[in-house]
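User: Could you walk me through this model, one question at a time?

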Amino acid sequence: MSFALEVRDLHAGYGGRRILKGVSFRVAADDFFAIIGPSGAGKSTLIRCVNRLVEPTGGEVMLDGRNLLALGHHHLREARRHIGMIFQEFNLIERLSVLDNVLTGRLGYTGTLRSVFRVFTRQDIGKALGLLDRVGLSEHVHKRADRLSGGQRQRVGIARALMQDPRLLLVDEPTSSLDPKIAREVMGLIREVARELRVPVLCNIHDVKLATEFCTRIIGLQDGIKKFEGTPTDLDERAMHDIYAFEVL
Amino acid sequence: MSTLTLDARIDAAARLRRQAWRVRGLTYAALGAAFLWCFYVVVVADTDWARLAGTSFARTLGNFMEFDPSLLREMVDPAIDTALMATVATLLGLVLALPVAWLGASNITPLGRFTYVGGRGLMTLSRSVHEIVWGLIFVSAVGLGALAGILAMAVRSVGFISKVIAEAIEDVQPGPIEAIRAVGGNKLQVLLYGIVPQVIPVVLGTIIFEWDINIRRSTIMGLVGAGGLGLVLFRQMAMMNYGGVATVLLAVLLLIVFGEIVSHYARKAVI
């Protein structure tokens with residue numbers, strides 16, 4: 001079996017504080033891979049170490065056989081082009097239109113001069129319109145991003161990530177800013193598009209129920225250490241206890 | 001627990017309060033005395049009281065009331081000049097302020113503390129010199145005329161515009177920046193897509209505000225020979241045509257009201 005992403009002995013921290021203490025796992029090409037764990041366990045840091053928004057202090061991150069941690073600036077940006085990211089707070093550019101927001105997913109492929117004048121190719125615009133149809137926002141293409149509801153904004157975020165032709169989707173707490181019903185819809189949409197495009201997903205999620213329902217494989221993190229790895233059915237009470245370390249008072 | 005009786009504690013508290021009152025009373029007395037001394041030196045001793053008591057005070061004031069409508073015709077062009085000078089100066093000020101804001105915003109300044117201090121220094125320099133002084137400098141540099149006034153106001157505008165923009169840049173939400181980095185954007189793309197859209201409303205609001213101020217400034221730039229209504233004012237003053245002076249001041253007032261109205265609607269449109 002081949003793995004799309006392999007994380008080996010990953011360490012991270014800042015200013016003397018160690019956040020990740022040697023985490024390893026492998027994500028297969030068809031995985032919807034969840035990272036669960038209590039707040040402060042290092043989930044967010046872990047996912048950001050993969051595309052180096054946070055610089056790890058040690059270990060390896062192999063994507064399609066290449067160690068991302070060994071790349072220089074230029075090659076890192078090239079690698080990031082192919083790693084889509086979906087954020088808890090959506091991270092849209094509020095004053096730009098929905099279409100322009102989706103097009104920013106193409107910036108890694110767009111020359112600096114063209115991006116100064118916000119000139120994108122016809123092909124990119126066509127692709128963006130197609131993705132907006134796919135995520136159900138065809139009615140909102142020319143609206144400003146800040147006029148949309150939370151669920152709609154997250155759909156823009158998904159379309160932007162898909163715009164990159166990603167070989168991996170990093171998803172950071174996609175549902176924390178959404179109500180439960182919208183949260184399920186968004187998780188369902190991410191699962192569908194990932195299957196259609198055959199992209200592996202690495203997803204932080206603190207909602208264990210959503211994780212077991214939508215994900216194929218789960219790791220549990222506690223205080224920077226992997227405490228559990230398995231399928232959703234493996235995640236029994238004992239495992240939960242290990243991850244969340246419920247203390248008996 | 002205190003071992004003192006309640007009475008003793010009340011006495012002690014009262015004593016401290018009396019002391020505090022004495023300190024406060026002395027401070028107020030000292031401040032009052034200083035103020036009276038200043039007032040005496042600059043007002044009482046330095047004023048020609050005989051002139052105020054006589055009729056010439058009232059007469060001069062009366063002279064100002066005799067508006068000189070014949071001037072109106074020759075003020076039209078300087079008034080337009082004044083408004084145009086303010087506009088050009090504000091835009092030039094913005095162009096100069098952008099790089100200064102880039103240097104002086106701690107989160108994007110290119111070479112760390114070195115360029116940050118440089119940027120902040122330029123902001124302070126621009127604001128700490130009065131526009132009339134900048135005017136004198138540029139009149140001697142480029143000669144009499146509107147250009148000197150424009151340069152003076154532009155340079156004076158840089159400080160405020162760049163300071164506000166730099167602070168807006170320091171306050172941007174980190175989310176969009178993270179998103180642009182994550183898609184593989186380079187530094188310029190992060191600036192253009194992650195930061196610029198967030199500060200645009202602040203930039204527009206600031207230049208409208210600064211334009212409003214520059215209208216005011218440009219009405220007096222003529223005092224140093226830098227064209228506009230100020231020059232007309234200065235000439236009437238030199239000819240001791242007080243009615244003419246009042247007429248020019250009225251025109252200045254009208255221009256400023258015009259500026260207020262325009263900037264009010266412009267700001268509404270932006271926000």
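Analyst: Happy to! A helix here is a DSSP run of H or I with at least four residues, and a strand is a run of E with at least two. Please keep in mind that this is a predicted model.

User: How many helices and strands are there in chain B?

Analyst: Read along the sequence, chain B follows the pattern α-α-α-α-α-α-α-α-α-α-α. That gives chain B 11 helices and 0 strands.

User: Is chain B more spread out or less spread out than a compact globule?

Analyst: Along its principal axes, the C-alpha trace of chain B spans about 90 × 75 × 35 Å. For 271 residues the globule rule gives 18 Å, and the radius of gyration of chain B, 27 Å, is well over that, so chain B is more spread out than a compact globule.

User: Which element gives the largest share of the side of chain B that touches chain A?

Analyst: Across the interface, 17 residues of chain B are in contact with 21 residues of chain A. On the chain B side, the elements giving two or more residues are α8 (174–182) and α9 (187–221). The largest share, 7 residues, comes from α8(B).

User: Now to chain A: is A:Q152 buried or exposed?

Analyst: A:Q152 sits in helix α6 (residues 150–162) of chain A. Leaving out residues up to four places away in sequence, A:Q152 touches A:L137 and A:H140. A residue needs 20 or more other C-beta atoms within 10 Å to pass the cut-off. Because A:Q152 has 20 C-beta neighbours inside 10 Å, it counts as buried.

Methods: Residues are numbered from 1 along each chain as its sequence is written. Chains are lettered from A and ligands numbered from 1 in the order in which they are written. This is a predicted model: local features need pLDDT of at least 70, side-chain atom pairs count only at pLDDT 80 or more; totals for chains, interfaces and linings use all residues. A residue is buried if 20 or more other C-beta atoms lie within 10 Å of its own, exposed if 12 or fewer, and partly exposed in between; C-beta atoms are placed from the backbone. Two residues are in contact if their C-beta atoms, placed from the backbone, lie within 7 Å. The radius of gyration is taken over C-alpha atoms; the globule rule is 2.2 Å times the number of residues to the power 0.38.
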